[in-house]
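Please look over the chain below before reading on. The notes that come after it are meant to be read beside the model.

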Amino acid sequence: GKVNCKNMKQDCPVPACPRATLLPGHCCHTCPKAPLEKTPVPPFDTFEYFQDKEDDLDKPYNDRSYLSSEGLARDDARTEFVALLTSGPEPWHPTSSAVAKARFTLLRSYLLFSISYERLGRPSRVRFSDPEGNVLFEHPVQKSAAPEDGMLCGMWRTVSKANVQLLRGEQLRISLVTRAQPSGEVHGHILKHRALFAETFGAILTSLDPAHLGTGGMAMLTLSDTENNLHFILMARGLLEPGVGESPWVPLRVRILHQGQMLREVRANITVEDPDFAEVLSELSAHELQWLVQGQLRIVAETEGRHARQLAGTITTRRSCDTIQSVLCGADALLPTKTGAVGSAKLALHENGTLEYQVQVVGTASEVVGITLETKPRRKSKRNVLFDMTPSYKDGLARGTWQSPSARDAHMLLQNELFLNVATKDWAEGELRGQVISLPYSGLLARY
């Protein structure tokens with residue numbers, strides 16, 4: 001949030017008595033025994049409610065409120081969950097070094113899920129069970145629906161109220177069933193997590209020693225809104241063996257590497273009860289940001305001592321089954337139009353940091369002269385264009401690839417903070433505009 005501070009001491013009334021005292025928690029001196037309610041200046045009279053500093057924003061300029069990812073995440077009808085899946089623990093004994101990360105969105109009674117996995121054969125089913133191990137729902141994985149890139153999409157329709165309560169109470173369990181392991185090769189509890197709405201980069205961590213079965217982790221990362229600081233939360237399982245070592249604290253070392261060269265190092269102590277670890281890497285350089293978005297950074301977490309274990313994974317932009325799209329209309333233009341023109345766009349952010357786009361425009365009143373990807377404008381004269389798609393536009397369709405978005409651009413895209421603008425000869429500021437937002441996975445394409 002934004003806070004505006006003002007020194008209220010300058011506005012204090014002059015006390016009527018010679019020996020005024022300053023009471024704890026008060027700004028102004030008051031007379032002893034004087035009733036506090038009768039102070040001439042009500043406490044909020046000098047408080048300025050902070051408005052966005054848009055004094056020089058042109059008033060007819062369209063500044064509609066828009067959907068932010070935080071707003072979406074806090075929507076009552078929509079809740080986000082996450083699960084880290086590894087082989088084991090009890091009552092299953094570790095049999096595999098596979099690791100999976102699952103993200104869930106509960107939309108009313110629909111539970112949508114995106115699962116990415118490593119070191120795992122093609123799953124045949126996604127199984128949801130209660131704390132006693134009773135199977136509540138199984139999602140069969142179509143052969144064509146589980147591409148070779150280790151990503152799996154699905155939906156549990158009409159989840160009962162009792163199961164929604166189990167989900168919200170973090171009681172539900174998820175397993176990926178493979179032919180080799182019909183009881184489930186990897187398992188995990190479905191949890192709420194405060195980092196989910198902000199996550200724009202992520203990593204799945206697998207053990208560097210294939211003999212360490214049941215070991216794995218995941219990292220959720222995000223950039224600060226203004227500074228180039230990278231926040232991350234590391235969740236791991238199997239890094240610590242219960243009961244090993246004399247001290248409950250185990251030293252943890254986390255490194256960020258580029259082509260084997262160490263860029264950053266963080267050290268901390270973790271326990272078996274609380275193996276999660278959060279940290280901020282401050283002031284990333286231009287090179288580090290570029291490598292981040294291009295999927296060239298690796299994160300390595302290792303414990304030290306007699307039972308040392310090591311997990312590592314590549315950091316990429318957040319993987320999801322959601323569709324990044326935009327609906328363009330005149331009402332959302334910076335100077336609203338009513339020409340009847342419309343547009344739609346579909347975008348895909350790849351793990352190497354390139355952005356594929358397809359924008360279709362129909363019915364403009366005059367010739368299209370510009371299609372641009374922009375941020376929300378702060379002032380009329382300060383439209384911030386990130387990428388110009390105009391050269392790829394022909395006969396109502398702009399299609400191509402943006403090869404070099406920055407880490408900040410990718411972050412804003414995944415946080416629903418970007419807009420598409422279509423300018424025409426008659427409407428130089430834009431005849432059409434639309435916010436680029438992620439639509440939850442619909443399941444419509446699953447059968448194909």
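## Basis

This is a predicted model: local features need pLDDT of at least 70, side-chain atom pairs count only at pLDDT 80 or more, and totals for chains, interfaces and linings use all residues. Residues are numbered from 1 along each chain as its sequence is written, and side-chain values use heavy atoms, with hydrogens and water left out.

## The chain overall

The chain holds four helices and 27 strands. Helices (H or I, at least four residues) and strands (E, at least two) are DSSP runs, numbered from the N terminus. Of the 448 residues, 46% are buried. Buried means under 20% relative accessible area, exposed means over 50%, and partly exposed lies in between (1.4 Å probe, protein chains only).

The accessible surface is about 23500 Å², and carbon and sulfur atoms hold 52% of that. Such areas come from the Shrake-Rupley method with a 1.4 Å probe; for residues, only the protein chains shown count as cover. Take the contacts between residues at least 6 apart in sequence: 63% of them join residues at least 24 apart. A contact means heavy atoms within 4.5 Å.

## A nine-stranded sheet

Nine strands make an open, antiparallel sheet. Their order is β23-β22-β26-β27-β19-β20-β21-β25-β24. Two strands pair if DSSP finds at least two bridges between them. The edges are β23 (385–388) and β24 (393–394), each pairing on one side only.

Lysine 394 has leucine 397, in β25, as its bridge partner.

## Glutamate 80

Glutamate 80 sits in strand β3 (residues 78–86). Is this residue buried or exposed? Glutamate 80 has a relative accessible area of 14%, so it counts as buried.

The side chain of glutamate 80 makes a polar contact of 3.2 Å with that of threonine 105. A polar contact is a pair of N or O atoms within 3.5 Å; within protein, one must be able to donate a hydrogen and the other to accept it, and residues adjacent in sequence count only if both atoms are side-chain atoms. Leaving out residues up to four places away in sequence, glutamate 80 touches Arg103, Phe104, Thr105, Lys192 and Leu196.

## Aromatic pairs

A pair of aromatic rings is described by the distance of the centres and the angle of the planes. Rings of Phe, Tyr and Trp (its six-membered ring) pair if their centres lie within 6.5 Å; planes under 30 degrees apart count as stacked, over 60 as edge-to-face and the rest as tilted. The count is nine aromatic pairs. Phenylalanine 128 and tryptophan 156 have ring centres 5.0 Å apart and planes at 40°, so this pair is tilted. Phenylalanine 128 is in β6 (residues 125–129) and tryptophan 156 in β8 (residues 151–156), 28 residues apart.

Tryptophan 156 also pairs with phenylalanine 137. That pair is stacked, at 5.0 Å centre to centre and 5° between the planes. It links β7 (residues 135–140) to β8 across 19 residues. Tryptophan 156 is buried, at 4% relative accessibility. Ring pairs join Phe104, Phe113, Phe128, Phe137 and Trp156 into a cluster.

## Cysteines

The chain has three disulfides; a disulfide is a pair of cysteine sulfur atoms within 2.5 Å. Cysteine 12 bonds to cysteine 28, S to S 2.1 Å. That link is left-handed, with -80° about the S-S bond. Cysteine 12 lies in the segment before β1 (21–22) and cysteine 28 in the loop between β1 and β2 (29–30), so parts 16 residues apart are tied together. A disulfide also joins cysteine 17 to cysteine 31, S to S 2.1 Å. Its torsion is about -110°, so it is left-handed.

Cysteine 153 and cysteine 321 form another disulfide, with sulfur atoms 2.1 Å apart. It is left-handed too, at -90°. Cysteine 153 is in strand β8 and cysteine 321 in the loop between β18 (310–317) and β19 (323–329), so the pair ties parts 168 residues apart in sequence. Counting bonded cysteines along the chain, the pattern is 1-3, 2-4, 5-6. Cysteine 27 is in no disulfide; the nearest cysteine sulfur belongs to cysteine 28, 5.9 Å away.
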